[in-house]
Amino acid sequence: MGLYEKLRAEHGPVAPILLDGDLPAWLVIGYREILEVAGTPSRFSRDSRIWRWFKEGKVPPESPLLPMIAWQPVCLFLDGDERQRLRVAVTDGLERFSRRGIRRHVTRFTHQLIDGFAYRGEADLADEFAEHLPMLVMTQLLGMPDEYGPRLVQASRDMVAGTETSVDSNEFIVKTLQQLVGRKRASPGEDITSWLIEHPSQLTDEEVWNHLRVILIAANETTVNLLKSTLRMLLTDPRCHASLAGGQMTLPDVLEQVLWDEPPLMTIPGRWASVDTEVGGQKVEAGDMLLLGLGAGNHDPAVRPDPAVSMHGNRSHLAFSSGPQECPGQDIGRAIADTSIPEEELRWKSGWMTRHLTSLPVQFSARRSGASAESAGPGGVDAETERAATGSGSRSMDKLLGPSPSTPVPGARLSWWRSLKAWLRRR
Ligand code: HEM
């Protein structure tokens, strides 16, 4: 954020930057300018093939930018009628899932993951929980068997990270999706794969699996990051504890605050100028690339003079972008991320597009053997465990809930935890 503010002071709302390989581009950091670029496809196209540096052969085949910006036959990289035909198939498919149906899967997999570590008394919630939940839920929405989840989690994160095995990971994902499309053509079900196949937009098999791939990647990376940040904020930010306990803030409010403060995609590449134009006082030439700095835009002093002030009740953040490309999976992402557990030490990893926790370790009192997942709270925490957690056995719970029961437990904090559990049980 410090760098964004420096760029803002030096260049205003649109800053010149160099991408990997010293390729010049523009970073849009002004809130209004992001809305302008995202909302004007006639000047700012999604078609990466018009990028000057592609045309001039300046982007080497091994460039780490390629997995995210090399053109593909999907709505993400198209404009106009062709884009509309594909986008409507995706949005219609995603809208057919009810929040209730999604939460059923979220609850089942949450319990399954927690059962995997509840007996140990400690866990890394980033690695053992948040990294897995979104993909497990997505396998159900796509109509895949449960056992595909773990390998897809690995493969999709590996692909986005741009490692030396990214290409193999991508091939694994593509092959899995191609087989899935073949199976669903023969035997359709109540899932997005079947709905894309039967949509009036008449997608070819290649278009179907390409869009399934976009959905998987768009959903997983973002929702994992949102889940981690929400867990951390819920359990460490004193504003959250006080507001939740006092009934001023609901968990969905906390989620929106995270979407303001730490959008899962801090920067999105991109848009490409289709004409010579001007934005934010900068002259942009046809063929220039623009990256949307969603994180920077959310902190633009023009719309948010004091970042410490809560954005309670205000959903006009840029986390899901804006305009015709606005994220069509936001309700599903919110539904998956509305889940939580405590934290202690935090380690972050920053890339050019995202910033996320690599670790979210917690300690808690191990669950009694025989306690059912259903009777337990979100962290497998039942009433007895909750009482135990206020004792000396659990450092992070101590921090969360206050001192041991021998001293009066601050009512506000305990009721915050109870309200969190009650809220999760209703789902
Ligand atoms: C909750 C976390 C999520 C965040 C923060 C998020 C954010 C975004 C952003 C910023 C874009 C780019 C829009 C642009 O280029 O202007 C996008 C696109 C997209 N997202 Fe999400 N997303 C999330 C979850 C999901 C989920 C769960 C799904 C699917 C179930 C999904 C499906 C998509 C698709 C298909 C696109 C491409 C849309 C298009 O090109 O028309 N997203 N998302």
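**Exercise 1. Burial and packing of helix H8**

Determine how many residues of helix H8 (residues 133–142) are buried in this predicted model, and describe how H6 packs against H8.

Solution. 
Step 1. Ten of the ten residues of H8 are buried, and the helix is mostly covered. The buried residues run through Leu133, Pro134, Met135, Leu136, Val137, Met138, Thr139, Gln140, Leu141 and Leu142.
Step 2. After H8 comes glycine 143, with a positive phi near 85 degrees.
Step 3. Two packed helices are described by the angle between their axes and the distance between the axes. For helix H6 (residues 99–115) and H8, the axes come within 9 Å and the crossing angle is roughly 135 degrees. Angles over 145 degrees would count as roughly antiparallel and 65 to 115 as roughly perpendicular; H6 is therefore oblique to H8. The crossing is right-handed.
Step 4. From H6, Ile102, His105, Val106, Phe109, Thr110 and Leu113 meet Leu133, Leu136, Val137 and Gln140 of H8. Sorted by class, this contact has seven nonpolar, three polar and no charged residues.

**Exercise 2. The largest nonpolar core**

Identify which members of the largest nonpolar core touch the most other members, and which helix gives the most to this core.

Solution. 
Step 1. The core has 95 residues, and Val28, Leu133, Val137 and Leu290 touch the most other members.
Step 2. Helix H12 (residues 205–236) gives the most, with 13 residues.
Step 3. Two of the residues named in step 1, Leu133 and Val137, are among the buried residues of H8.
Step 4. Beyond its neighbours within four places in sequence, valine 28 contacts Pro13, Val14, Glu33, Ile34, Val37, Gly280, Leu290, Leu291, Leu292 and Gly293. Leu290, one of these contacts, is also named in step 1.
Step 5. For the chain as a whole, 44% of the 427 residues count as buried. Of the contacts between residues at least 6 apart in sequence, 69% join residues at least 24 apart.

**Exercise 3. Helices H12 and H16**

Describe how H12 and helix H16 (residues 330–337) cross, and at what angle.

Solution. 
Step 1. The two axes come within 9 Å and cross at roughly 40 degrees.
Step 2. Angles under 35 degrees would count as roughly parallel; H12 and H16 are therefore oblique to each other. Their crossing is right-handed.
Step 3. Ala219, Thr222, Thr223, Leu226, Leu227 and Thr230 of H12 meet Ile332, Gly333, Ile336 and Ala337 of H16. By class, the contact holds six nonpolar, four polar and no charged residues.

**Exercise 4. Backbone details in loops and a strand**

Then locate the cis peptide bond at proline 269, and find what proline 41 touches.

Solution. 
Step 1. The cis bond joins proline 269 and glycine 270, with omega about -15 degrees. Glycine 270 belongs to strand E5 (residues 268–273).
Step 2. Proline 41 lies in the loop between helix H2 (31–38) and strand E3 (44–45). Leaving out residues up to four places away in sequence, proline 41 touches Asp79 and Pro324. The C-alpha atoms of proline 41 and proline 324 are 8.1 Å apart, although 283 residues separate the two along the chain.

Terms used
Residues are numbered from 1 along each chain as its sequence is written. This is a predicted model: local features need pLDDT of at least 70, side-chain atom pairs count only at pLDDT 80 or more; totals for chains, interfaces and linings use all residues. A residue is buried if 20 or more other C-beta atoms lie within 10 Å of its own, exposed if 12 or fewer, and partly exposed in between; C-beta atoms are placed from the backbone. Two residues are in contact if their C-beta atoms, placed from the backbone, lie within 7 Å. A nonpolar core is a set of buried Ala, Val, Leu, Ile, Met, Phe, Trp, Tyr and Cys residues joined through C-beta atoms within 7 Å. Helices (H or I, at least four residues) and strands (E, at least two) are DSSP runs, numbered from the N terminus. Axes are lines fitted to C-alpha atoms, for helices over the stretch in contact, and angles run from 0 to 180 degrees between N-to-C directions. A crossing is left-handed if the near helix is turned anticlockwise from the far one by less than a right angle, and right-handed if clockwise. Ala, Val, Leu, Ile, Met, Phe, Trp, Tyr, Cys and Pro count as nonpolar, Asp, Glu, Lys and Arg as charged, and the others, Gly among them, as polar.
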